[in-house]
Amino acid sequence: MGKTTTIVLADDHQVVRQGLRLLLDAEPDFTVVGEAADGLQAVDLSERLTPNVLVVDLVMPGLGGLDVTRRCRQRSPKTRVVVLSMYASDAYVIEALRSGASAYVLKGSSAAELVLAIREAAEGRRYLSSPLSEKAIETYVREASDTHLDLYQSLTLREREVLHLAAEGLSSAAIAERLGISPRTAETHRTHVMGKLGLHSRTDLIRYALKRGLLPAEPE
Amino acid sequence: MQLTTSTRGRRRGKASQARASGDPYRLLFSQNPLPMWITDSETLAFLAVNEAAVAHYGYSREEFLAMTVKDIRPPEDVSALLDYHAELQKAVLPASGSAGVWRHRKKDGTLIDVDITWSPISFEGRQAYLILAQDVTERRQADEKTRLLQSITTAVSVAEDVRSALGVVMAQVCQATGWALAEAWVPRPDGKRLEWCGASQGSDEGFARFRQVAERSTFAPGEGLPGRAWASKSPLWIGDITTESSFERAPWARETGLKAAVAVPVLADDEVVAVIDFFLSEPREEDKRFVGVVQAIATQLGWLILRRRAEEERRRLLERERAARAEAEAALERLRAIQSVTDAALAHLAMDDLLREMLARIRVILAADVASILLLSEDGTFLSVRATQGLDEEETKGFRVPIGRGITGGIAARREPMIVDDLSKVETLYPSLGEMVRSGMGAPLLVEGQVVGLLGVGTRRPRRFTEEDLGLLQLVADRVAPTIDRIRLLEEARKGRERLEMLSRSLVDLQEAERRRIARELHDEVGQLLTSLQLALEASGRSLAGAPQGGRGGGAGLDDSDQRKQAREQALRSQMEEMKEVVSDLLARVRNLSMNLRPPMLDDLGLLPVLLWHFERYTAQTRVRLDFQHTGVAGRFSPEVETAAFRIVQEALTNVARHAGVDEVKVEVWADAVCLGIRIEDQGRGFDAEAALTGPSIGLAGMAERAHLLGGRLTIDSAPESGTRLLAELPLGGHAGRGASSG
């Protein structure tokens with residue numbers, strides 16, 4: 001202990017900056033070395049002053065808090081970022097963390113929390129405001145990952161018909177004849193379905209059809 | 001005067017004779033160019049003949065003087081002569097004058113016609129007749145011929161056909177010439193044999209059998225009497241058929257007593273068109289005169305036939321020309337009618353009147369009972385009846401024919417016209433139609449090769465429409481297609497305008513409603529809190545100023561006790577706590593308000609985060625659980641797409657919460673290089689999707705419009721009691737899944 005943590009504050013509201021400054025000045029081991037009113041300034045200051053911690057508001061004009069975080073982490077990797085935000089949503093937290101932030105503090109939290117967050121961040125640890133939790137984060141991450149979506153289910157009846165016939169090898173014209181639709185419509189359906197399922201060639205189509213069991217058994 | 005006829009005088013010669021007698025008038029008799037003689041009025045013996053008589057008749061003077069007038073007559077005429085003479089004697093007849101035309105026979109047997117003029121004279125003491133015999137045979141023949149020809153010509157020209165003309169000829173000739181029977185033969189249509197074509201009315205019943213045989217007979221060229229005349233193209237005379245071996249019907253001829261026969265070909269343009277043969281009841285040597293007459297007649301007949309043919313030909317050509325002209329006019333009329341179906345005058349009519357007028361004209365052109373125009377739906381999947389005539393409009397109102405289904409749908413899918421001979425025999429989508437219309441045709445209405453509708457006509461009774469009819473229908477269809485398309489486009493445009501107006505109106509309403517809501521929320525909730533905050537601040541102010549709570553008076557006393565100071569501090573602290581809470585509350589509400597209007601993470605973080613956030617709040621608010629599946633949407637898309645996608649999901653879920661009456665909803669979102677798709681499904685109450693999309697409720701219409709504006713589409717498949725499936729697809733225009741820039 002006894003080490004001073006240098007801090008740069010970035011928030012577009014002067015009132016907020018003043019308030020924060022007051023708060024942080026009250027701590028003996030904190031020194032606010034700079035204030036920025038917009039994102040670009042924040043990045044600039046961080047680069048120049050290389051503070052231990054950058055406290056940045058998520059919502060700022062010009063460069064937003066997330067972008068500031070990213071750039072700052074790039075240009076001055078030693079600076080830890082604490083994101084201040086009024087958004088309690090897990091999405092923002094994830095994004096902030098992904099952008100390189102060490103801590104995420106809700107604006108409604110107490111002064112003590114902010115101080116704690118800065119201290120933790122300075123130590124290289126992660127801190128999340130109390131309403132937020134790691135668990136919630138994990139849940140969110142899970143939800144946000146790709147689920148296995150069976151796009152076949154999202155095809156209309158007509159599209160499925162076209163898919164089956166195309167897999168059997170019929171041309172668009174033949175498909176049109178079979179289904180009693182115009183050749184143009186048949187072609188549109190075919191292209192659409194192939195695109196939707198990510199199939200780019202006949203080989204893809206056949207492979208897909210086989211995998212899904214769309215093709216009838218081999219004739220004798 | 002005395003004329004001697006003694007042989008003695010003969011040697012002296014005529015002139016000397018005359019000189020000898022010294023009678024100048026003697027020359028009048030002897031040298032007269034016309035035959036003259038003197039006969040005894042009683043015995044009719046020749047008393048004197050002149051040179052001309054001798055020369056003409058071939059008898060010598062001696063022979064003459066040995067004969068009577070009877071001897072120069074054909075035997076059959078003798079009785080007539082005697083009768084005449086008897087009358088003469090009785091002086092019933094005039095004293096002198098013309099005795100008319102009689103037949104005489106020359107020494108060589110030739111018959112001549114002679115015009116007799118006579119007068120009584122006294123000769124060598126006897127009562128005698130002086131007779132002038134003018135040979136009028138030729139003239140007679142000519143007259144006869146002319147008369148015969150004339151009468152035949154007249155008769156033939158009015159005859160209906162060759163057969164009756166021949167009949168006239170045969171009858172007239174037999175009558176005029178006394179030949180007993182005539183037959184006519186004509187070449188068969190195949191030209192190989194002659195066949196019987198009629199006969200004159202043989203007076204004798206005996207001819208009946210002869211005729212019967214004739215009716216059955218045919219002759220090849222060169223065969224039999226008619227056949228030989230046919231082949232040789234010239235008359236053929238048989239003096240006595242009963243002795244002619246080549247005459248097949250000889251036995252029957254013998255029965256009937258026919259003897260002489262002649263066959264005369266009738267030529268027209270050097271072609272034998274008929275052969276007429278004549279029969280006589282007695283044998284006769286070839287009578288050139290008779291043959292000549294018949295030939296002349298035959299020639300006339302030939303010419304007549306030729307003329308008849310020419311006339312017939314001309315008549316036929318005229319007829320053909322008339323028919324061709326009539327057909328051309330009919331075609332022109334049809335063309336005019338087709339043109340009239342869409343003439344300029346129609347342009348001024350209102351849509352429905354125009355269609356009605358067109359259909360009326362179409363019915364006339366095609367002589368149909370029913371005519372209908374069907375139009376393709378906007379999404380191009382089915383046809384519906386736009387206008388009809390001849391059918392009850394109510395009956396056809398709900399007709400929906402999917403492309404490719406049924407006859408009508410088939411015509412539209414194949415883009416080929418078609419005839420249906422019997423609607424009752426084919427499977428139709430609407431059996432009631434088969435009851436009203438029995439036979440019909442349909443032709444697609446094509447504009448730039450694409451089907452925009454269908455034109456159909458039908459008849460109540462079965463009718464065999466021909467390929468020509470179908471061609472006509474297609475012509476009419478091609479003609480009206482542009483007009484119909486124009487109607488369709490105009491209506492689409494009108495509908496589009498109406499929808500736009502409706503949306504605009506709704507938009508304005510919505511804007512106002514939202515403003516109202518925000519205003520109210522701001523006033524009620526935020527305003528309230530701010531007011532209470534204001535009060536609290538005032539209270540704090542008073543506390544600071546030293547005014548005790550409750551409003552007990554007192555100024556800022558210098559000698560405030562610690563106790564009072566502490567109480568004041570306490571009051572301030574609690575007030576501040578209160579204020580902090582209010583502010584906290586206020587903050588929360590303001591943020592909530594803001595979030596409801598437009599969540600910032602839509603702009604900051606993207607579609608997936610905002611959806612996840614929204615779903616959490618939604619479930620918390622409505623108790624409806626969400627089964628969310630997604631793939632490929634982790635990145636960023638264009639702001640318009642993200643916004644549209646979010647709003648669509650938001651609106652759809654709102655509807656589910658409000659109307660579906662379920663506690664679970666399935667949401668699928670996916671994206672690939674080409675488009676972003678959303679699928680929301682619930683097993684709830686369902687609703688009339690079509691009414692919702694086009695009706696006044698703008699929620700769904702607004703969603704559809706958002707999709708539409710981005711070039712995508714939104715379809716809702718729902719019906720009462722069968723759940724709802726919403727599918728939206730937004731094209732990504734190549735800027736797919738812009739990933740968040742990594743840090």
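Which residue in strand 19 of chain B is the bridge partner of B:Leu626? That residue is B:Val665. The report below sets this pair in its sheet, then turns to a second sheet and to the contact between chains. The model is predicted.

Strand 18 of chain B covers residues 625-631. Strand 19 of chain B covers residues 664-671. These two strands run parallel, and seven bridges join them.

They belong to an open sheet of five strands in chain B. The order is 18-19-20-22-21, and the pairing is mixed. Strand 18 and strand 21 (713-718) of chain B are the edge strands, each pairing on one side only. From one strand to the next, the twist averages 10°.

A helix accompanies this sheet. Helix 20 of chain B, residues 607-622, lies across strand 18, strand 19 and strand 20 (675-682). Helix 20 runs at about 170° to strand 18 of chain B.

## The antiparallel sheet of chain B

Chain B has another open sheet of five strands, in the order 2-1-5-4-3. Here the pairing is antiparallel. The edges are strand 2 (46-49) and strand 3 (97-105) of chain B, and each pairs on one side only. The twist averages 30° from one strand to the next.

Look at strand 4 (residues 111-123) and strand 5 (residues 126-135) of chain B. They pair in the antiparallel sense over ten bridges.

## Where the chains meet

Now move to the contact between chains. Chain A supplies 30 residues and chain B supplies 33 residues. The buried area between chain A and chain B is about 2600 Å². Carbon and sulfur atoms give 57% of that area.

How many salt bridges are counted between chain A and chain B? The count is one. B:Arg713 forms a salt bridge with A:Glu159, with the closest N and O atoms 3.6 Å apart.

On chain A, helix 3 (65-75), helix 4 (90-99), helix 6 (134-144) and helix 9 (183-196) each supply at least two residues of the side that touches chain B. Helix 9 of chain A gives the most, with five residues. The residues on this side of chain A divide into eleven nonpolar, ten polar and nine charged.

Key: Residues are numbered from 1 along each chain as its sequence is written. Chains are lettered from A and ligands numbered from 1 in the order in which they are written. This is a predicted model: local features need pLDDT of at least 70, side-chain atom pairs count only at pLDDT 80 or more; totals for chains, interfaces and linings use all residues. Side-chain values use heavy atoms; hydrogens and water are left out. Contact means heavy atoms within 4.5 Å. Buried area is the accessible area (1.4 Å probe) that two parts lose on being put together, summed over both. A salt bridge is a side-chain nitrogen of Lys or Arg within 4 Å of a carboxyl oxygen of Asp or Glu. Helices (H or I, at least four residues) and strands (E, at least two) are DSSP runs, numbered from the N terminus. Ala, Val, Leu, Ile, Met, Phe, Trp, Tyr, Cys and Pro count as nonpolar, Asp, Glu, Lys and Arg as charged, and the others, Gly among them, as polar. Two strands pair if DSSP finds at least two bridges between them. Axes are lines fitted to C-alpha atoms, for helices over the stretch in contact, and angles run from 0 to 180 degrees between N-to-C directions.
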